[in-house]
Amino acid sequence: MMKTVSVKKQKRRQKIFTAFLSVFAVFCAILFLFPTVMTIANSFMTQKEINANYGAMISNFDESEGKKTYISEKLNLKLIPDKVSLEQYKTVLFKSSDYLMKFWNSVILVVPIVLFQIIVACLAAYSFARYRGKLKELLFFMYVILMLMPYQVTLVPNYLVADKLGLLDTRMSIILPGIFAPFSVFLLAKVMRRIPTSFIEAAKLDGAGEVQIFTQICLPLSKSAIFSVILLLFIDYWNMVEQPLIMLSDSDYHPLSVFLSKINSGDVGLAFAVAVIYMIPTLLMFFYGEDYLVEGIAYSGGIKG
């Protein structure tokens, strides 16, 4: 009897603890999503409403008094506009070419980096996975060291190399270092090393060469990991700021990620609209490849060696 009561108490405590964790998780999710939801909602506000709500953040310099003055002293966070307006999006998409030009600058920089880095990573990872040796293990170890270094450490060498090659102030000064980044090679090599050797041996018995083994066995079995890497690379380079600021002195070549931080404080409504447009490609990729991302991370998480 005492044992039954003890089990019931334990189950009750477990339910209370689970409910507490669920409430805490929901609170964290709401807190995490609040800036995104607020950005989307405020992008549909009129400029007048934005000035009224966020005037305390919008400063104008008064030359007569030599100090900053504010449109309003009160800050009011709102999630529901009083009047839905598409004026901000009309300005961004049709009335101003700067925003769209920066958007396409981001696309021109990010797409080649992701595409060619995946090609290089798949070939290099297959080589590391299929052929072992002291020299290749040393080279793979160097990949790991480079992967652990923050980008700021390699920024100066990249700048010096780009300067020697005459690539400064061109998009290639960003694209070339991005293509040969080590992260995707490391992850895909670990995934391909987990492919059972019996698959490869069976393919060899059937007369398959290295090209067939690579294209028909390794790539299909690594599909989830490859898409995970594509998604992570896209998010990483879509949000890059340091590389364009250092490598590109001409602001006409700057991507939208740099341009977002330079929007005039008086155009807060446009900043909201541009931020929403900026988020769309990443959100679409995430919603489309969420299952691949989870599967790829879970698959690589259990890798040994």
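The dialogue below moves from the whole chain to single residues.

Colleague: Before any detail, what kind of model is this?

Modeller: This is a predicted model. Every value that follows is computed from it.

Colleague: How many helices and strands are there in the chain?

Modeller: One begins with an inventory of the secondary structure. Here the chain holds 14 helices and two strands.

Colleague: What share of the 305 residues is buried?

Modeller: Burial is judged by relative accessible area, and a residue counts as buried when the value is under 20%. In this chain, 36% of the 305 residues are buried. The chain exposes about 18800 Å², of which carbon and sulfur atoms supply 67%.

Colleague: Let us turn to a pair of helices. At what angle do the axes of helix 9 and helix 10 cross?

Modeller: For a helix pair, one reads the distance between the axes, the angle and the handedness. Helix 9 covers residues 197-205 and helix 10 covers residues 210-221; their axes come within 10 Å and cross at roughly 145°. The crossing of helix 9 past helix 10 is right-handed.

Colleague: Which residues of helix 9 and helix 10 meet?

Modeller: From helix 9 come F199, I200, A203 and K204, and from helix 10 come E210, I213, I217 and L221. By class, this contact has six nonpolar residues, two charged residues and no polar ones.

Colleague: Helix 9 also contains T197. Is T197 buried or exposed?

Modeller: T197 counts as exposed because its relative accessible area is 55%, and the threshold for that class is over 50%. Sequence distance and spatial distance should be read together: T197 and R130 are 67 residues apart in sequence, and their C-alpha atoms are 9.3 Å apart.

Colleague: Where does W238 lie, and what does it touch?

Modeller: W238 belongs to helix 11, residues 223-238. W238 is classed as buried because its relative accessibility is 2%. Leaving out residues up to four places away in sequence, W238 touches F103, S106, V107, V110, S257, Y278, P281 and T282. One of these partners, Y278, is 40 residues from W238 in sequence, with 9.0 Å between the C-alpha atoms.

Colleague: Which residues does G178 touch?

Modeller: G178 is located in helix 7. G178 is buried, since its relative accessible area is 2%. Apart from residues up to four places away in sequence, G178 touches I113, Q117 and Y237. The C-alpha atoms of G178 and Q117 are separated by 7.0 Å, although the two residues are 61 residues apart along the chain.

Colleague: Finally, the loops. Where is D169 placed, and what is its phi value?

Modeller: D169 sits in the loop between helix 6 (151-164) and helix 7 (172-179). Its phi is near 65°, a positive value in a residue other than glycine. D169 counts as partly exposed because its relative accessibility is 36%.

Colleague: What is R132 in contact with?

Modeller: R132 occupies the loop between helix 4 (97-130) and helix 5 (134-148). R132 is exposed, as its relative accessible area is 53%. Setting aside neighbours within four places in sequence, R132 contacts E137 and R193.

Terms used: Residues are numbered from 1 along each chain as its sequence is written. This is a predicted model: local features need pLDDT of at least 70, side-chain atom pairs count only at pLDDT 80 or more; totals for chains, interfaces and linings use all residues. Side-chain values use heavy atoms; hydrogens and water are left out. Helices (H or I, at least four residues) and strands (E, at least two) are DSSP runs, numbered from the N terminus. Buried means under 20% relative accessible area, exposed over 50%, partly exposed in between (1.4 Å probe, protein chains only). Accessible areas come from the Shrake-Rupley method with a 1.4 Å probe; for residues, only the protein chains shown count as cover. Axes are lines fitted to C-alpha atoms, for helices over the stretch in contact, and angles run from 0 to 180 degrees between N-to-C directions. A crossing is left-handed if the near helix is turned anticlockwise from the far one by less than a right angle, and right-handed if clockwise. Contact means heavy atoms within 4.5 Å. Ala, Val, Leu, Ile, Met, Phe, Trp, Tyr, Cys and Pro count as nonpolar, Asp, Glu, Lys and Arg as charged, and the others, Gly among them, as polar.
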